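Reader: I'd like to learn how to read side-chain contacts in a structure. Could you walk me through some?

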Amino acid sequence: MTHRFAPTAALFVLAAFSTSVPAQTVLRTDALEQGQLQDDTQLAEAPGRAGRISLVQGKVDIGGDVGAESSPAQLNWPITSRNLISTAPGARTELRIGSTAIRLDGDSSLEVTELDDDSLRLRLHYGSVSVRVMNADVVPEFELRTAQATVRLTQPGRLRVDAERERDTSLVSVLDGEAQVDGAGASLTVRSGRAAQVRDEDVRTLQAQRDNFDDWSLTRDQALVAAQSSRHIGTEMTGYEELDRYGSWSTSSDYGSLWTPQVAADWTPYRDGSWTFIAPWGWTWVDNAPWGYAPFHYGRWVQVRNRWAWAPGRLERRPVWSPALVGWVGGSNWNVGFQSHNLAAHGWYPLSPYDRYVPGYRLSGERLRRLNDWRHATRREQQQPGRYNGLTVVPREQFGGRGPVIVPRAPRPNRPEQLAPGTPGSAPPPLVARAGWNRDRRDLLERANVGRTDIERPALERMQFEQQARERGEQERLTRERNNGERLARERMEGQERALREQGERERMGREFENRNQMDRMRFQVERNDRERMGRERMREQAERIQRQPVMSTNAPAFARPESRPESRPESRPDPRSQQRPEPAPMLNAPQRPAAPPQMVAPPAPRPQPSAPAFTPAQRNTEQRASTDARGVSRVER
């Protein structure tokens, strides 16, 4: 049994010796410079959350701290505490921290004062920032400060803050949701559609206004919708929003959810980007692909049918972030042939779910367990010693400089990597660099040309040419995105103007219709009043005609009595004996008697007239009206 494991033990001893020698050398030469940095980065546990730069338009700079040296911002650059991001006039940038989006307008400066597992605090020195918070768990962690105000969210939403656009003034506009604004000795709640203007001693509320920066932010939110990725990995894994556009999802019985990028068949992870030292984690991978953030800081890589696929692992509410999930090999005693030269080399390879991740920074046991605990991956792969899938090798001297290690599709060595020292999942090279050594890639390439042989220069020139080509392609892509954004914003504005015109036309037609109805009602009312008035006049005239009698003129004295009527004489009854008997009814077919001739009736006697008075009074010029009452008595009314 002892003889069987002797070669394996010897390999482990060799690996430990090879990685310890360069560490001791670096610590001896740079002990004074690196002592303080080691104390700062290793005593405290590194945070498990970081952001990324997801978009760069124009001139955008990023620095380690206020007043520190800054460098041009780069896509997929990790964002952590005490980072300062500044934009030139006309430039814009976007930061993503899980599902939270932070966007800066031109001529702005934003500092990430604190970013860890429990807090997200920002400070806007000047300019304009748009913030959208989707997750309710992030709401109590968020805080944004300006020189005049402190802004906190009370529910998920979208807000915009302008600082120093007007001297000594901060403007907080809540476009969606609700926010608490403290400043100038007051505290007020600002709801959706309202804004708070805060000066040193004055706070007032007004209507929120939108401009093209808000439209651009809304367009970005509508474009970055990743429905499939949110189901597989959630929304708090930074970089999830890019995966649906650049790859496809599937499910494996061995690894669970798998994401396959749309790349060439010979593509290999961790081979197109750069290594940058970022405190407190150390060497951190920055990939060049637009989707190259989540797959290189979370999960593991596997080979399925000779193609690389990314396995994110189990779904968590907030996964643990890592600078790079790779295993390291090499050391001062491992030489690899590069362009007919044998050089000491360092190499790395993507970890699979069966490999254990060993960080080079301080990490708690619980987080380390979460990084290495996989619910899937039930079987164990037997890997040949010294052979690592996806191994990339560069000269070790590149990790000794004070700057990023650029790996733009690094060429593989011309000799097979046999018996590479190191254990699966070993920590990164024990080289400690200063935080803030951010240099431009072009300057690093020019400095790397110094002292190189003529044989190596063509490869470096080719690398530089490829880098420039990628930069041109990236610039063209950004230009297309900017043009598409402007076109969408212009179409949206035209649609809004058209909708406003249509609404104005509808309102005008409604007003005209209402005016016509009102005029018709008034005309109908006037006509009805006229008809009622005419009806009343006709009824009054009719009543007057009924009551009015013909006027009589008389010369009789006023005291003349009305003439008396003759008394009617009673009719004499005939003698029943003198009455004739009724004739019998005629018989049928009997002859008819001729009828008697009618008797002549004398006309009635003339009515006696009253005698005229003995004297005739003088005639007056008066009119008298005669009438007869119910008893037949005539009366004269003057």
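This is a predicted model: local features need pLDDT of at least 70, side-chain atom pairs count only at pLDDT 80 or more; totals for chains, interfaces and linings use all residues.

Reader: How many salt bridges does a search of the whole structure find?

Author: The search finds 40 salt bridges. One of them joins Glu241 to Arg52, with the closest N and O atoms 2.9 Å apart. This pair links distant parts of the chain, 189 residues apart. Glu241 sits in the loop between helix 4 (227-233) and helix 5 (243-246), while Arg52 belongs to strand 1 (residues 51-57).

Reader: Are Glu241 and Arg52 buried or exposed?

Author: The general idea is that a residue under 20% relative accessible area counts as buried. Glu241 has 2%, so Glu241 is buried. Arg52 has 1%, so Arg52 is buried as well.

Reader: And what about a salt bridge within a helix?

Author: Take Asp520 and Arg523, whose closest N and O atoms are 2.6 Å apart. These two residues are separated by about one helical turn because they are three residues apart in helix 9 (residues 457-547). Asp520 is partly exposed at 37% relative accessibility, and Arg523 is partly exposed at 45%.

Reader: Which other pair in helix 9 lies three residues apart?

Author: That would be Arg533 and Asp530, again about one turn of the helix. Their side chains meet in a salt bridge at 4.0 Å, N to O. Arg533 is partly exposed, with a relative accessible area of 39%, and Asp530 is partly exposed too, at 33%.

Reader: Which residues do salt bridges that share partners join into one network?

Author: Glu94, Arg103, Arg132, Arg158, Arg220 and Asp221 are joined in this way.

Reader: Now to the rings. What describes a pair of aromatic rings?

Author: Two values do: the distance of the centres and the angle of the planes. In this model the count comes to 16 aromatic pairs. In one of them, Phe277 and Trp283 are edge-to-face, 5.7 Å centre to centre with 90° between the planes. Phe277 and Trp283 are both buried.

Reader: What would a tilted pair look like here?

Author: Look at Phe296 and Trp301: their centres are 5.8 Å apart, and the angle between the planes is 40°. Both residues are buried. Phe296 and Trp301 also belong to one aromatic cluster, whose members include Trp259, Trp267, Tyr270 and Trp348.

Terms used. Residues are numbered from 1 along each chain as its sequence is written. Side-chain values use heavy atoms; hydrogens and water are left out. Rings of Phe, Tyr and Trp (its six-membered ring) pair if their centres lie within 6.5 Å; planes under 30 degrees apart count as stacked, over 60 as edge-to-face and the rest as tilted. Buried means under 20% relative accessible area, exposed over 50%, partly exposed in between (1.4 Å probe, protein chains only). Helices (H or I, at least four residues) and strands (E, at least two) are DSSP runs, numbered from the N terminus.
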